[in-house]
Amino acid sequence: MYTQALNDPANKAATVAEGEEEQNVRFMARIDADEKIEPNDWMPDSYRKTLIRQISQHANSEIIGMLPEGNWNTRAPTLRRKATLLAKIQDEGGHGLYLYSAAETLGISREEMEHQLITGKARYSSIFNYPTLSWADIGTIGWLVDGAAIMNQIPLCRCSFGPYARAMVRVCKEESFHQRQGYEILLALCNGSDEQKAMAQESINRWWWPSIMMFGPHDTDSTHSDQSMAWKIKRISNDDLRQKFIDATVPQAHFLGLEIPDPDMKFNQETGHWEFGKIDWDEFKQVLAGNGPCNRERLAARTKAFEDGKWVQEAALAHAKKQAARAANKEAA
Amino acid sequence: MLAANVDETLEIDREALFQLALRLGDTSLILGHRLSEWAGHAPILDEDIALSNLGLDLIGQARSFLTYAGEVEGRGRDEDQLAYMRNAPEYRNLLMVELPRGDFAFTMVRQFLFSAFQLPFYQQMMQSRDKTLAAIAAKAEKEMAYHLRHSSQWVVRLGDGTKESHERTQNALNSLWTYTGEMFETDASLKALIEAGIYCDPASIRETWNKSVDDVLQQATLTRPETGWMQSGALTGRHSEHLSHLLAEMQSVQRAYPGLKW
């Protein structure tokens, strides 16, 4: 998921300082040989920055992602659903923590990344700026949003940076589980009453287009990811991933008996692919620019958690200091 | 009128056993629900994860107890019908767990006071002559050991942290103290279950609880409040103002679309 950073204009600044050319040649040779780059290895500064941006954005997305689903924690319609939703949200917090740790190996602290998130300096996936308005949204997020995330993330398991690639292996396993859970929620709705099926359809109507926008701009408009491709951080282009996702998802929608809200969607017998209509990139840009339905609320919620929790962090630090002082005194005595 | 898993030599009032299973299930459910409210809003990311984890344990316990309650009742109600289709006066949870989550100090002090009771309680319940309750207790005991450790550590950190954290934690303790008596309460039905070896006598846990509480409060530099009047209502379903709000939210989907599968 959450690979918007790959499309960030700053990525193209892959300049290498003078005198580092030889190191860079060796570095690229390793990349070309599919070797993993580890935290203590030499790497171009721009490679490091790109990864920090991408991994922290990914972590931030997991953390912000807890909010729209958390909106239904207290209203899940059965105890089993309540438990699985809470477990999913817990997994997402775990992914955030795990990814922050991977980014820390590149020389940035978790505090700094958290600060960048709440000050708006670091991004998170725009998909979480949409509201969760019905129980069906919990199913749809699992199916479409986590589904799109998995499409994006499976290639990241082969990413050239070792800690990120290894983190992704675990994250992908859990995400696949979430996707199945989401689909199963929708399956229950679609096998249920007319009202439940309508609830599922209404949810797909809202989430379909934002989900396919998660793959980022068309390749023709996304010249910035070339460098990430060369570095093998990114492995598959936006459009190829999007097509793969759509081809996998459309039959699943049909199995549920749901309509994809795209009148131009049709199967091309020759190519074996589903062709889809025009994406409204204006909406994408507006949400990215901060004008989505929930941009302000999401950041405000995280800022509140941080501000309200400051005294807790201060207390933990103060206690740790006192403990250390007591231990030192004891030793001295 | 015997429940299936109870030693058949015992004469047990099915209604009393049903009420006990509700008391245990409701208490776990409501506290689990309160903990789930923190997900995404905790003071540090590690606690988003930890509090969800504690909540999950409690919701899991609740499911076991409520499923059993439905079996004992014998009217075909499952865990969801019991959780989602009863009104506040039919709930049998301790009042302490339904109070709003408050700040992080309130949440942790509550978790600590509750876990310090629940751990030795489940340890004793593992010996219950009701095999189902004993089995649930055996699983829950391991979970409560972690809950007690986690919450104790936080109470110590917060109590012995800064002036602000100390005050918040002492205030939480002072507010919650009046709700601790209920954990030890019994009525005629519970006494009969104690006699029958189904329920453990909470009085026998008092000493262990006192010791856990005193140890942690001492490390946390907190003052144990004077024991005065204790709030009560779980046994009769007379709750605080907060439970019906919680249930209105929790039950909203089920109540809006009754009788459907989710």
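**Figure 1. Salt bridges link chain A and chain B in this predicted model.** The number of salt bridges counted between chain A and chain B is 4. In one salt bridge, the side chains of A:Arg326 and B:Asp160 meet with an N to O distance of 3.0 Å. Polar contacts also cross the interface of chain A and chain B, where 17 residue pairs are found, both residues being at pLDDT 80 or more.

**Figure 2. Several helices of chain A supply residues to the side that touches chain B.** At least two residues come from each of α2 (45-70), α3 (79-104), α4 (110-118), α6 (162-190), α7 (194-213) and α11 (295-332) of chain A. By class, this side of chain A has 24 nonpolar, 12 polar and 11 charged residues.

**Figure 3. The contact between the chains involves 47 residues from chain A and 47 residues from chain B.** About 4000 Å² is buried between chain A and chain B, and carbon and sulfur atoms give 66% of this area. A:Leu79, A:Gln90 and A:Trp311 supply 20% of the area that chain A buries against chain B, more than any other three residues.

**Figure 4. Helix α9 of chain A comprises residues 238-256.** The end C-alpha atoms of this helix are 27 Å apart, which agrees with the 27 Å that its 19 residues should span at 1.5 Å a residue. Among the buried residues of α9(A) are A:Leu241, A:Phe245, A:Ile246, A:Val250 and A:Leu256, together with A:Arg242 and A:Asp247. The buried residues of α9(A) pack against α5 (136-153), α6, α7, β2 (273-275) and α10 (281-291) of chain A. After α9(A) comes A:Gly257, which has a positive phi near 80°.

Notes:
Residues are numbered from 1 along each chain as its sequence is written. Chains are lettered from A and ligands numbered from 1 in the order in which they are written. This is a predicted model: local features need pLDDT of at least 70, side-chain atom pairs count only at pLDDT 80 or more; totals for chains, interfaces and linings use all residues. Side-chain values use heavy atoms; hydrogens and water are left out. Contact means heavy atoms within 4.5 Å. Buried area is the accessible area (1.4 Å probe) that two parts lose on being put together, summed over both. A polar contact is a pair of N or O atoms within 3.5 Å; within protein, one must be able to donate a hydrogen and the other to accept it, and residues adjacent in sequence count only if both atoms are side-chain atoms. Helices (H or I, at least four residues) and strands (E, at least two) are DSSP runs, numbered from the N terminus. Ala, Val, Leu, Ile, Met, Phe, Trp, Tyr, Cys and Pro count as nonpolar, Asp, Glu, Lys and Arg as charged, and the others, Gly among them, as polar. The expected span of a helix is 1.5 Å times one less than its number of residues. Buried means under 20% relative accessible area, exposed over 50%, partly exposed in between (1.4 Å probe, protein chains only).
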